[in-house]
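This report concerns a single protein chain, whose sequence and structure are displayed below.

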Amino acid sequence: DPMAAGVVVAVLGVTLVVTAPVSALVSRRAEAAADLGSRELTGAVADYCAVQRGLVVRNLSDPAPPTWARLWWWTHPPAASRLQLASTFDDAACAN
(Lines give C-alpha, C1' and ligand atoms only; values in the text may rest on other atoms or scores of the structure.)
Protein backbone atom coordinates (compact mmCIF):
# COMPACT_ATOMS: atom_id res chain seq x y z
CA ASP A 1 0.00 0.00 0.00
CA PRO A 2 1.62 3.30 -1.08
CA MET A 3 -0.09 5.24 1.71
CA ALA A 4 1.40 2.94 4.35
CA ALA A 5 4.85 3.32 2.81
CA GLY A 6 4.52 7.10 3.00
CA VAL A 7 3.51 6.92 6.65
CA VAL A 8 6.45 4.61 7.45
CA VAL A 9 8.89 6.98 5.72
CA ALA A 10 7.41 9.98 7.54
CA VAL A 11 7.61 8.24 10.94
CA LEU A 12 11.21 7.19 10.29
CA GLY A 13 12.13 10.71 9.21
CA VAL A 14 10.61 12.28 12.31
CA THR A 15 12.25 9.65 14.52
CA LEU A 16 15.68 10.38 13.02
CA VAL A 17 15.30 14.12 13.50
CA VAL A 18 14.05 13.76 17.08
CA THR A 19 16.77 11.30 18.11
CA ALA A 20 19.60 13.20 16.36
CA PRO A 21 20.65 15.12 19.52
CA VAL A 22 21.03 11.89 21.52
CA SER A 23 23.03 10.24 18.78
CA ALA A 24 25.22 13.32 18.38
CA LEU A 25 25.81 13.47 22.15
CA VAL A 26 26.95 9.86 22.28
CA SER A 27 29.29 10.46 19.35
CA ARG A 28 30.73 13.70 20.82
CA ARG A 29 31.43 11.95 24.14
CA ALA A 30 33.21 9.09 22.39
CA GLU A 31 35.29 11.58 20.39
CA ALA A 32 36.15 13.56 23.53
CA ALA A 33 37.25 10.35 25.25
CA ALA A 34 39.46 9.51 22.27
CA ASP A 35 40.96 13.01 22.38
CA LEU A 36 41.66 12.62 26.08
CA GLY A 37 43.28 9.24 25.54
CA SER A 38 45.50 10.58 22.77
CA ARG A 39 46.75 13.44 24.93
CA GLU A 40 47.41 11.15 27.86
CA LEU A 41 49.19 8.63 25.64
CA THR A 42 51.38 11.07 23.73
CA GLY A 43 51.65 14.02 26.10
CA ALA A 44 51.88 16.22 22.99
CA VAL A 45 49.41 18.89 24.04
CA ALA A 46 51.03 21.67 21.98
CA ASP A 47 50.94 19.51 18.84
CA TYR A 48 47.32 18.58 19.52
CA CYS A 49 46.36 22.26 19.83
CA ALA A 50 48.23 23.13 16.64
CA VAL A 51 46.43 20.37 14.74
CA GLN A 52 43.04 21.55 15.99
CA ARG A 53 43.75 25.12 14.90
CA GLY A 54 45.01 23.91 11.53
CA LEU A 55 41.88 21.83 10.97
CA VAL A 56 39.67 24.86 11.60
CA VAL A 57 41.60 26.90 9.03
CA ARG A 58 41.79 24.16 6.37
CA ASN A 59 38.21 22.98 6.78
CA LEU A 60 36.81 26.48 7.18
CA SER A 61 34.75 25.13 10.05
CA ASP A 62 33.20 27.13 12.84
CA PRO A 63 35.43 26.67 15.91
CA ALA A 64 32.50 27.56 18.22
CA PRO A 65 29.19 26.83 16.51
CA PRO A 66 25.87 27.99 17.96
CA THR A 67 24.75 25.80 20.85
CA TRP A 68 21.62 24.58 19.06
CA ALA A 69 23.64 23.44 16.04
CA ARG A 70 26.28 21.75 18.15
CA LEU A 71 23.71 19.91 20.26
CA TRP A 72 21.54 18.85 17.34
CA TRP A 73 23.94 18.02 14.50
CA TRP A 74 27.62 18.06 15.49
CA THR A 75 28.95 14.52 16.02
CA HIS A 76 32.43 15.73 16.99
CA PRO A 77 33.36 18.28 19.64
CA PRO A 78 34.04 21.69 18.07
CA ALA A 79 37.61 22.95 18.07
CA ALA A 80 36.93 25.47 20.85
CA SER A 81 35.75 22.67 23.15
CA ARG A 82 38.72 20.50 22.24
CA LEU A 83 41.18 23.33 22.87
CA GLN A 84 39.52 24.18 26.18
CA LEU A 85 39.83 20.58 27.32
CA ALA A 86 43.46 20.42 26.14
CA SER A 87 44.28 23.57 28.10
CA THR A 88 43.43 21.71 31.31
CA PHE A 89 46.55 19.61 30.60
CA ASP A 90 48.87 22.44 29.65
CA ASP A 91 47.42 25.93 29.50
CA ALA A 92 50.60 27.44 28.01
CA ALA A 93 50.69 24.90 25.16
CA CYS A 94 47.29 26.02 23.88
CA ALA A 95 47.66 29.74 24.57
CA ASN A 96 48.51 30.70 20.99
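Helix α2 spans residues 45-59 and contains 15 residues; from its first C-alpha to its last it reaches 21 Å, close to the 21 Å expected at 1.5 Å a residue. Helices here are DSSP runs of H or I with at least four residues, numbered from the N terminus, and the expected span is 1.5 Å times one less than the number of residues. The model is a predicted one, in which local features need pLDDT of at least 70 and side-chain atom pairs count only at pLDDT 80 or more, while totals for chains, interfaces and linings use all residues. Residues are numbered from 1 along each chain as its sequence is written, and side-chain values use heavy atoms, with hydrogens and water left out.

Within α2, the buried residues are Val 45, Tyr 48, Cys 49, Gln 52, Gly 54 and Val 56. Buried denotes a relative accessible area under 20%, exposed over 50%, and partly exposed in between, with a 1.4 Å probe and protein chains only. The cover over these buried residues includes α1 (2-42) and α4 (79-87). By contrast, Asp 47 of helix α2 is exposed, at a relative accessible area of 52%. The C-alpha atom of Asp 47 is separated by 18 Å from that of Asn 59, twelve residues apart along the chain. Just after α2, Leu 60 adopts a positive phi of about 55°.

The largest nonpolar core consists of six residues, namely Val 45, Tyr 48, Cys 49, Leu 83, Ala 86 and Cys 94. Both α2 and α4 supply at least two residues each to this core, and the largest share, three residues, comes from α2. Such a core is a set of buried Ala, Val, Leu, Ile, Met, Phe, Trp, Tyr and Cys residues joined through side-chain atoms within 4.5 Å. Not counting residues up to four places away in sequence, Ala 86 touches Arg 39, Val 45, Tyr 48, Cys 49 and Cys 94; contact requires heavy atoms within 4.5 Å.

A salt bridge is a side-chain nitrogen of Lys or Arg within 4 Å of a carboxyl oxygen of Asp or Glu. By this rule there are two salt bridges, listed below.

| Salt bridge | N to O distance |
|---|---|
| Glu 31 and Arg 82 | 3.3 Å |
| Arg 82 and Asp 35 | 2.7 Å |

Because Glu 31 lies in helix α1 and Arg 82 in helix α4, their pair ties together parts that are 51 residues apart in sequence. The bridge between Arg 82 in helix α4 and Asp 35 in helix α1 likewise links distant parts of the chain, 47 residues apart. Asp 35 is buried, with a relative accessible area of 10%, and Arg 82 is buried at 11%, whereas Glu 31 is partly exposed at 25%. Leaving aside neighbours within four places in sequence, Asp 35 contacts Tyr 48 and Arg 82.

On the surface, Val 17, Trp 68, Trp 72 and Trp 73 form a nonpolar patch with about 470 Å² of accessible area together. Nonpolar patches join side chains of Val, Leu, Ile, Met, Phe, Trp or Tyr within 5 Å, from residues with over 30% relative accessible area and no salt bridge; the areas come from the Shrake-Rupley method with a 1.4 Å probe. Val 17 belongs to helix α1 and is partly exposed, with a relative accessible area of 41%.

How values were computed
Patches are made of residues with over 30% relative accessible area and no salt bridge: like charges are joined within 9 Å, nonpolar side chains (Val, Leu, Ile, Met, Phe, Trp, Tyr) within 5 Å.
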